[in-house]
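Keep the sequence and the model open side by side.

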Amino acid sequence: MNTPSPQVVNKATRMTANKRAALQCLADLGADFVQWGTPPYAVSMLAEEMGADLSNLTKTLKALERAGLVVREMAEVECWNAIAQTFMPRRCACYWLAET
């Protein structure tokens, strides 16, 4: 009688609902370059679009980067500065799908 061996699950490569949602959001934004511009997309923009927590989404995207599904780049993004009351460039982590 053979007993099945327990399956080992690697949490980093397991596709969770948050990972699927992040990949879907990147795919949806990338499909409409006219409205959102070309990739890469800032984490803050993705979090706003998804209604997700910024720190949780950052961790999710880093896991997807380690898995080779997304690409990360430090890029300048125009961000609203409340003190200056204008948009100003700021370097931040930006992501896009590795398949693009």
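Which strands and helices each supply at least two residues of the lining of the largest pocket? In this predicted model, four elements do so: strand 1 (41-42), helix 3 (43-50), strand 2 (70-81) and strand 3 (86-97). Strand 2 gives the most, with 6 residues.

The largest pocket has a volume of about 170 Å³. Its lining holds 14 residues, and the closest to the pocket centre are Tyr41, Ala42, Met45, Val77 and Glu78. By class, the lining divides into 11 nonpolar residues, 1 polar residue and 2 charged residues.

Now step back to the fold. The protein has 4 helices and 3 strands. Along the sequence they follow the pattern α-α-β-α-α-β-β. In general, strands of a sheet pair through backbone hydrogen bonds, either parallel or antiparallel.

Look next at the pairing of strand 2 with strand 3. How many bridges join strand 2 to strand 3? There are 12, and the two strands run antiparallel. Met74 stands opposite Ala93 in strand 3. Cys79 has Met88 of strand 3 as its bridge partner.

Strand 2 and strand 3 also form a hairpin, with 4 residues between them. Gln85 sits in that loop. Is Gln85 buried or exposed? Gln85 counts as exposed because its relative accessible area is 53%, and the cut-off for exposed is over 50%.

Tyr41 is found in strand 1, and it is among the residues closest to the centre of the largest pocket. Its relative accessibility is 2%, so Tyr41 counts as buried. The cut-off for buried is under 20%. Tyr41 and Tyr95 are 54 residues apart in sequence. In space, their C-alpha atoms are 5.3 Å apart.

Turn now to helix 4, residues 54-66, where Thr60 is found. Thr60 has a relative accessible area of 12%, so it is buried. Which residues does Thr60 touch, not counting those up to four places away in sequence? They are Asn18, Lys19 and Ala22.

Finish with the totals for the whole protein. Of its 100 residues, 25% count as buried. Tyr41 and Thr60 are among the buried residues. The protein exposes about 7,100 Å². Carbon and sulfur atoms supply 54% of that area. For contacts with a separation of 6 or more, residues 24 or more positions apart account for 45%.

Terms used: Residues numbered from 1 in each chain as written. Predicted model: local features only at pLDDT ≥ 70, side-chain atom pairs only at ≥ 80, totals over all residues. Heavy atoms only, no water. 1 Å grid on protein atoms, 1.4 Å probe; cavity = no way out; pocket = protein on both sides within 12 Å on 5 of 7 lines; lining within 4 Å. Points joined across faces, edges and corners; volume = space filled by probe spheres on them. Nonpolar A, V, L, I, M, F, W, Y, C, P; charged D, E, K, R; others polar. Pairing = 2+ DSSP bridges. Buried < 20%, exposed > 50% of the residue type's maximum accessible area, 1.4 Å probe, protein only. Contact = heavy atoms within 4.5 Å. Areas by Shrake-Rupley, 256 points an atom, 1.4 Å probe, with all protein chains shown as cover.
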